[in-house]
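Here is a walk through one protein model, from a pair of charged side chains out to the whole chain. Keep the structure open and follow along.

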Amino acid sequence: MGGGHAVVDGGEQPGLEAAVDRLRTELEGLRTAMRTRAVIEQAKGLLVGRLGCAPDQAFQELVRRSQQENRKLAQIAADLVAEAAPTPAARVTPAGREAPATLETPVTLETPVTRGTPVTRGTPAVPPTGARPAHAPLPGTRPTEVPPPDAPHTEVRPPDVAPGEAAPVHEPPEQPRGPGGEIPAVRDRGADELAALATRFHLAAAALATAPGPDELAERLYRAALAPLGAQALVLAVREPDGALRLAGAYGVTASQRSQWQRIPPHTRVPLTEAVRTGRRVWVADRREFAARYPDLSGEDLVPGTTVCALPMHGGRRLLGALKIGWARRYQPGPGVDDHLAALADLAADTLLRLPAASPADVLDPAGAPWFRAVLDGLLDPVLVLRSVRDPAGAVTDLLVEHANAATLDLAGRAAPDLRGRRLSELYPGMVASGAFDRLRAAAADAVPYRGEEGQRHVETVGGSARASAMTMHATPFQDGLLLTWRTHDERDRRLSQVSQAARLARLGTWEWRPGDRELTCSADVQALFGATTGAGRAESGQAGSGRPDGGRPEGGQGGGGRADGGRPDGGRGDGARGGSGCGSAERFDPRAALAAVAPADRDAVRAAAEELLAGRGPVTAEFAVRSADGYRSLRALGEATVATDGRLLALSGVVQDVTPWRRAEQALNETRDRLADQQRRTGDEQRAVRSLQQALMNAPVGRPVKGLESAYRYLPAERDGKVGGDWYELLDLPDGTVLLAVGDVSGHGLAAATAMSQLRYALRGIAYDGAPPGRILERLNRILCHQRADHIATLAVARLDPRTGQLDWARAGHLPPVVLSADTVRTLTPPAGLILGVTSRARYPTAEHRLTPGDRLLFYTDGLVERRGHDLGSGVERLLRACADYRAPGLDGLLDHLLRRLDAPNQLDDTCLLAVRLTGEAGPATAPARPPGGAS
């Protein structure tokens, strides 16, 4: 030893390592024993009760069976417990028969200290462990009730044996055997499988009883019950109050997957959320079925494997979350496995509820937590915690009141204690009749909020009489149910609210003046309309003035220049005798301050209107401008006088409204009207220029006639307003003997669209002369549009046709595919992929091929031919195909005119362009392109 550090001799090192290894092995053994201790103790209790023996003798019997059958002690114990408390999977045999309750073979107890006498036939059976069950009492004793698992064991001995003495030994008779010496079997193979499931369940229950956390719970559940079924991974997800699922524990799942799936929103469609939403088990046989059922799920699944199963977890009478299991290979569940897995899921839920919460977010059942109910009791409005009631298929059929806060008082006068534990349909049949109950039920099933109409009337029958109330009802998803709250509105509050809302929306304020008052009594909005703050605009106590609405005609016409110093009408006494400030309360406003805020040019008109009111003459309206932070605002004041029968003036009252938006809108409307007239003139000129340009482009020479090819085309502008758009076509013979065919559509209308169309058309011609295939032509055009950062996008179908062979190579950029009319069929060509031009320069355009035969007709068209408002594009294409099939004549001009009639051309909203060609198969010169009467348009 030196320098404060211990030095271990090299000869002692192997001994220390061996000691550490031994202690580690012992520790693991103790941990394993703790996991199985509960099931062993339960089995001992069963043997004590059935055999009337001591706990030590029962344990020795378990040990004997373990040695005889060469199986672990815990498995033997689990077999016994499974017989006494079978899981749902083990209660029915595969054939649907009830499992046998008795065995027809004698049962004995054999321990080193006791020999039991044979037990008569009909003894209650124990699980088929491969050996003999032991239910019979020892000689001189009688069976006792099975103690609970946590009950203390009491030694039971024969009456003739004193404590501390060995019981007499009795040799058991030999059991009857079959012809081959075997013990007769009492269960078939299916029953043994069910019994094995029950054994694993109790082993899992014992292992989970001491799990310190969710991850350890998942691992023990896997090792004890799911690994024997071939599973490779599992996750435990608990439902949060908003309906989302939070990952609580997992086994066999990578850390990255756990991180990505830590929280699953309620509307994400995956097996876990589906199991929680429906309350039913969800099986997915393989990944192909998984992709078909959940197409929106991209990336790796949370639980790896081929077959997956998600099961709802129920704990504490509520849906707690879901358990998801994965199998590496395709898995077909055997008899009873479904019920077995469901029991394991509920076992995991009960275990999760027993685990200590590490933080408030880990509380799995906040609805039952005292702190949460205390929070609800502190709210002013009624709140109901509702739990979904589901049928066997998982559908929500009703809502159960689990808790009602202290403020709850319904139409029938029932308080919280009268509502708890009752169903909503039972409490409020009027809600069922009105449909509100169904909407709440749907909100609970879909985990979505519910917002009822404000002030909706609800009627309930109480004591034979109808009671009604206007209320606003809101509900939000909460665990497996809803949080429901409502607020009632009596008639006065509702009307005041409507008046207040109307005044606010109309930018309206009220005012009143009585003779003798120095100030106006007005709503809080009036001072804001005049540009004064609340409580300002009052005359200073020493400058009260005349107190007349006309301001007393102060010198200089400035309205007295009243100071906004908060002067009080009571001379500064501060006794609060006249009104007060506050939102929605009456305010005091000096008329001189109001007059001072009026624009000088309008003050005389305001004084004249006030004098008419003081004279008692009838409703008066005045419109004037007031200064504001953004210049001047327009106000309109309406007033009337209240006069006694003897002619005395009692009061003046009226409203002030901010009409600035209307006046500004009128001004903007006038300016817009002027601009629109100018725009109409310029648009007319532009339309004429565009039409001339398009006609020139469409009527431009298309090259020499092509031998063996006949062609025709039509162009119709949109019918509404005669707008000219960007639809165009191209037919050009190329040096190699092929023909270029194209039909396109540039977005927009007018000169800009026509210009973009001409640029695209001439670029297409130049590229086509290089001999590029259609797909390459589209790629180059797309790069041109993207590089120019044009304001337009375009669709285009391009084809290269060899009239000599009928070979057609074509590609498209977001355009409708062409139609081929053969002798006996009409169909559209299968479109290759192709993005609209001008979206991204990385787009690719593959070239498709087709072979035409002599007499075949090929039709290109734009969407204006088939697209109609209120109908989808697919139905329009079907109409086109039917119209093509109905036309039997070979001519192209007649075909195009027939199609335009059948499809109600021209289109109201879009241009229409058609191009048709036909292989004539003639060796002589080809016919020239046919043109419609009157030119291209």
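Start with a salt bridge. Arginine 287 pairs with aspartate 301, and their closest N and O atoms are 3.8 Å apart. This is a predicted model, so treat each value as computed from it. The pair joins distant parts of the chain: arginine 287 sits in helix 8, while aspartate 301 lies in the loop between helix 8 and strand 5. The two are 14 residues apart.

The partners differ in cover. Arginine 287 is partly exposed, at 33% relative accessible area. Aspartate 301 has 8% relative accessibility and counts as buried. The cut-off for buried is under 20%, so aspartate 301 falls below it.

Stay with helix 8. Arginine 293 forms a salt bridge with glutamate 289, with the closest N and O atoms 3.1 Å apart. Why do these two lie about one helical turn apart? Because they are four residues apart in helix 8. Glutamate 289 is partly exposed, at 27% relative accessibility. Arginine 293 is also partly exposed, with a relative accessible area of 23%.

Arginine 293 has another partner. Glutamate 274 forms a salt bridge with arginine 293, and here the closest N and O atoms are 3.4 Å apart. This pair also links distant parts of the chain, 19 residues apart. Glutamate 274 belongs to helix 7, residues 271-278, and arginine 293 to helix 8, residues 287-293. Glutamate 274 counts as buried, at 13% relative accessibility.

How many salt bridges does a search of the whole structure find? The count is 41.

Next come the strands. Strand 5 covers residues 307-315 and strand 6 covers residues 318-327. They run antiparallel and are joined by nine bridges. For one of these contacts, look at alanine 310: its bridge partner in strand 6 is lysine 324.

In general, strands of a sheet pair through backbone hydrogen bonds.

Now turn to the backbone. Glutamine 479 has a phi near 50 degrees, a positive value in a residue other than glycine. Glutamine 479 lies in the loop between strand 11 (465-477) and strand 12 (481-489). Is glutamine 479 buried or exposed? At 2% relative accessibility, glutamine 479 counts as buried.

Arginine 507 also has a positive phi, about 55 degrees, although it is not a glycine. Its place is the loop between helix 15 (491-505) and strand 13 (508-513). Arginine 507 is partly exposed, with a relative accessible area of 36%.

The bond from alanine 905 to proline 906 is cis, with omega near 5 degrees. Proline 906 is in the loop between helix 23 (892-902) and strand 28 (912-919).

Move on to the cysteines. The structure holds zero disulfides. Cysteine 522 is buried, with a relative accessible area of 3%. Cysteine 884 is buried too, at 1%.

Isoleucine 793 is in the loop between helix 21 (774-788) and strand 22 (794-802). With 38% relative accessibility, isoleucine 793 counts as partly exposed.

Finally, zoom out. The protein chain has 23 helices and 28 strands. Of its 937 residues, 45% count as buried. The accessible surface comes to about 46300 Å², and 52% of this belongs to carbon and sulfur atoms. What share of the contacts with a separation of 6 or more comes from residues 24 or more positions apart? In this protein chain, the share is 64%.

Note on methods: Residues are numbered from 1 along each chain as its sequence is written. This is a predicted model: local features need pLDDT of at least 70, side-chain atom pairs count only at pLDDT 80 or more; totals for chains, interfaces and linings use all residues. Side-chain values use heavy atoms; hydrogens and water are left out. Buried means under 20% relative accessible area, exposed over 50%, partly exposed in between (1.4 Å probe, protein chains only). A disulfide is a pair of cysteine sulfur atoms within 2.5 Å. Contact means heavy atoms within 4.5 Å. Accessible areas come from the Shrake-Rupley method with a 1.4 Å probe; for residues, only the protein chains shown count as cover. Two strands pair if DSSP finds at least two bridges between them. A salt bridge is a side-chain nitrogen of Lys or Arg within 4 Å of a carboxyl oxygen of Asp or Glu.
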